[in-house]
Amino acid sequence: SVCQLAVMECRVLSIQSHVVRGYVGNKSATFPLQVLGFEVDSINSVQFSNHTGYAHWKGQVLTAEELNVLYEGIKLNKVNHYDYILTGYSRDTSFLEMVVDIIQELKKANPSLVYVCDPVMGDHGAMYVPENLLPVYKNKVVPLADILTPNQFEAELLTGKKINTEKDGVEVMDLLHKMGPDTVVLTSTDLPSKNGDQFLVALGSQKIVKPDGTNSSQKICIDIPKVDAVFVGTGDLFAAMLLAWTHHHPNDLKTACEKTVSVMHHVIKRTITHARELAGPGNRPSPAQLELRMVQSKADIENPATVVEAKVLQSSQ
């Protein structure tokens, strides 16, 4: 996507959760994108005191109508030009359908707009959003998406196909391409890593239209080092970083994924080290102690040292 001419300024509309304390949703995505030079306009789909993994949380939820009011304001001032849209967790069908309407309108205004969608529905075989969101994602959201970042469970839900082997994973990504997005990354799978059980396997696929109009595709797999702790906001960071690094490496999913996973690694490492220091030996860190060390990771976000190399599975010409 070519960002606005002259100044080459890239503007992202990010519709995600907001928390007063900590890092999830927009709090996880905004700072890293800004550090990498993007203008980020945020619409906060909820405003909570903190993420819901804590013992207590309080706050407000934005309705579909309130979302529309905010968008109307942007539109009335004729500043509804975006280069990217980023969306994550949503648990309300009417809200999600309003998001779809807004994206359709923004894509009319700027046909080269890129929509990065994390279709958050569940994990490890269980849905944690209402089931009536699945048809909305499947039939309305995914067809608009340009970059899609489901985990294995979400990819299986969307395609109706189970992933037991790498070949299944490749087929599922191809099915997702047929539904709309040219770039698909399965952010985590249960596939065994060649490097042993200390790694998660992620898969990626990018359809590239060559100058002569023919299609080619690049498929990659990448090992992600596992960490024994539950982090919140990492998926939101992943989608934001994939947006940034695919922008900088538009036809090179391999490099974009390596940089994205490397950022994740540095942030998570810094977070777990800090959390263990706070918790003390033998104690499990609390949700408050496990909040991502985002600000402290600024240098790594800007210029991540590559810690993993992706493997090219196939490049079909």
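**Helix packing and aromatic pairs**

Let's start with two helices. H8 covers residues 234-248 and H9 covers residues 253-279; they pack at an angle of about 140°, with axes 9 Å apart. Axes here are lines fitted to C-alpha atoms, for helices over the stretch in contact, and angles run from 0 to 180 degrees between N-to-C directions. Helices (H or I, at least four residues) and strands (E, at least two) are DSSP runs, numbered from the N terminus.

A word on the source. This is a predicted model: local features need pLDDT of at least 70, side-chain atom pairs count only at pLDDT 80 or more, and totals for chains, interfaces and linings use all residues. Residues are numbered from 1 along each chain as its sequence is written, and side-chain values use heavy atoms, with hydrogens and water left out.

Back to the helix pair. Which residues of H8 meet H9? On the H8 side, they include Leu237, Phe238, Met241 and Trp245. On the H9 side, they include Ala256, Lys259, Val263 and Ile268. Contact means heavy atoms within 4.5 Å. The residues of this contact divide into 13 nonpolar, three polar and one charged. Nonpolar means Ala, Val, Leu, Ile, Met, Phe, Trp, Tyr, Cys and Pro; charged means Asp, Glu, Lys and Arg; the others, Gly among them, are polar.

Stay in H8 for Ala240. Is Ala240 buried or exposed? Ala240 is at 0% relative accessibility, so it counts as buried. The cut-offs: buried is under 20% relative accessible area, exposed is over 50%, and partly exposed is in between (1.4 Å probe, protein chains only). Leaving out residues up to four places away in sequence, Ala240 touches Ala29, Leu33 and Leu86.

Now the aromatics. How many aromatic pairs does a search of the whole structure find? Two. Rings of Phe, Tyr and Trp (its six-membered ring) pair if their centres lie within 6.5 Å; planes under 30 degrees apart are stacked, over 60 edge-to-face, and the rest tilted.

Take Phe38 and Tyr84. Their ring centres are 6.2 Å apart and their planes are at 80°, so this pair is edge-to-face. Phe38 sits in the loop between helix H2 (26-35) and strand E2 (39-48), and Tyr84 in strand E4 (residues 84-87), so the pair ties together parts 46 residues apart in sequence. Both Phe38 and Tyr84 are buried.

Next, Phe48 and Trp57. Their centres are 5.0 Å apart with planes at 35°, so the pair is tilted. Phe48 is buried, at 14% relative accessibility. Trp57 is partly exposed, at 41%.
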